Amino acid sequence: MLMAQISDTHIATGGQRAYGIVDTAGLLRACVADVVRLDPRPDLVVLTGDLVDHGRPEEYALLQELLAPLTLPLYLVAGNHDEREALRSTLAGPRFDYLGQTGEFLQYAVDLGPLRLLVLDTVVPQEGRGQLCRQRLAWLEQRLAEDDRPTVIAMHHPPFATGIAHMDALGLEGADALAQLLRQHPQVERLLCGHLHRSIQCRFGGTLASTCPSPAHQVALDLRADGPDCFVLEPPGYQLHLWHAGRLVSHTCVVGAYAGPYRFREGMR
């Protein structure tokens, strides 16, 4: 099974650019085209939050249009730039029917055959930080207790500090309780997160938590304690997660055309 992860697309409408600079719609269009060309083709795509920039219905409508060439199953995660009700109402329909089956929070379980996908909602409305309250953690505990198949959890805010200070200030409340819960459920193979606009990995709760680069802008890699909140236009990216031989193996992909591939050998030389 091959799972693609796209994160932090920050779609804006009316030709607007995120922060006045980033053509997020154009960059997502290029990312989608890249995923469509993949061989082998992914079985599904998980989008780990900050789907749009301001949580507006017209932004979700444009997001749906941009994602249309991806005819495979799409699973959406809410981020701090998203607005739950606008997301639900705008994308209501057969393709995203799971959005109408959740309660207050956008949390749901997906049966992927050899794997199970659990989507967690870490949103605090109108705030950049994340939260896993008792209600959300209780839902996760129930889902983990009912099935011991290998499980992937998708969420927006990573549960670990990254060393990028201004992003860590917008971290996840409830991370310690999450770690304690995960240690009781060794079937959790991975926590797939967004929010950081970078590829970062950390051992957490007896498993591995990771963040995904953005197909748009990346958060500047600045590990100074007083580093400013900046972004950079490094190459856009996404990730592929391959479930193979009982392991989840992850690859970070760069969007765009580059020279090669070149063979290492020709004949016996």
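## Cysteines

Cys230 is partly exposed, at a relative accessible area of 38%; here buried means under 20% relative accessible area, exposed over 50% and partly exposed in between, with a 1.4 Å probe and protein chains only. Cys212, by contrast, has a relative accessible area of 0% and is buried. Its sulfur lies 8.4 Å from the closest cysteine sulfur, that of Cys31, which is too far for a bond. A disulfide is taken as a pair of cysteine sulfur atoms within 2.5 Å, and by this rule the count is zero.

## Basis of the model

The model is predicted, so local features need pLDDT of at least 70 and side-chain atom pairs count only at pLDDT 80 or more, while totals for chains, interfaces and linings use all residues. Residues are numbered from 1 along each chain as its sequence is written, and side-chain values use heavy atoms, with hydrogens and water left out.

## The sheet

An open sheet of six strands has the order β4-β5-β7-β9-β11-β10, with mixed pairing. The edges are β4 (108-111) and β10 (200-204); each has a single partner strand, so one side of each lacks a neighbour in the sheet. On average, neighbouring strands are turned by 20° against each other, direction ignored. Strands (E, at least two residues) and helices (H or I, at least four) are DSSP runs numbered from the N terminus, and two strands pair if DSSP finds at least two bridges between them.

Strands β9 (residues 188-193) and β11 (residues 207-211) run parallel and are joined by four bridges. Cys193 has Thr211 of β11 as its bridge partner. β4 and β5 also have four bridges, in the antiparallel sense, and Asp111 is partnered by Arg116 of β5. Four residues lie between the strands of this hairpin, where Gly113 takes a positive phi near 80°. In β4, Tyr108 and Val110 form the covered face, whereas Ala109 and Asp111 form the uncovered one. In a regular strand, side chains alternate between the two faces of the sheet.

Contact means heavy atoms within 4.5 Å. Angles run from 0 to 180 degrees between N-to-C directions, with axes fitted to C-alpha atoms, for helices over the stretch in contact.

Helix α6 (residues 175-183) lies across β7, β9, β10 and β11, at about 65° to β10. Its buried residues are Ala175, Leu178, Ala179, Leu181 and Leu182. They cover an arc of only 165° around the axis, and so sit on the same side of α6; the arc is that of the directions from the helix axis to the C-beta atoms. Asp176 and Arg183 are exposed on the other side. The buried residues pack against α4, β7, β8 (172-173), β9, β10 and β11.

## Two buried loop residues

Gln187 sits in the loop between α6 and β9 and is buried, with a relative accessible area of 10%. Its side chain reaches the backbone oxygen of Leu144 at 3.0 Å. Gln187 and Asp148 are 39 residues apart in sequence, but 5.9 Å apart in space, C-alpha to C-alpha.

Ser7, in the loop between β1 (2-6) and α1 (24-36), is buried at 1% relative accessibility. Not counting residues up to four places away in sequence, Ser7 touches several residues, including Thr48, Cys193, His195 and Cys212.

Conventions
Polar contact = N/O pair within 3.5 Å; in protein donor to acceptor, adjacent residues only side chain to side chain.
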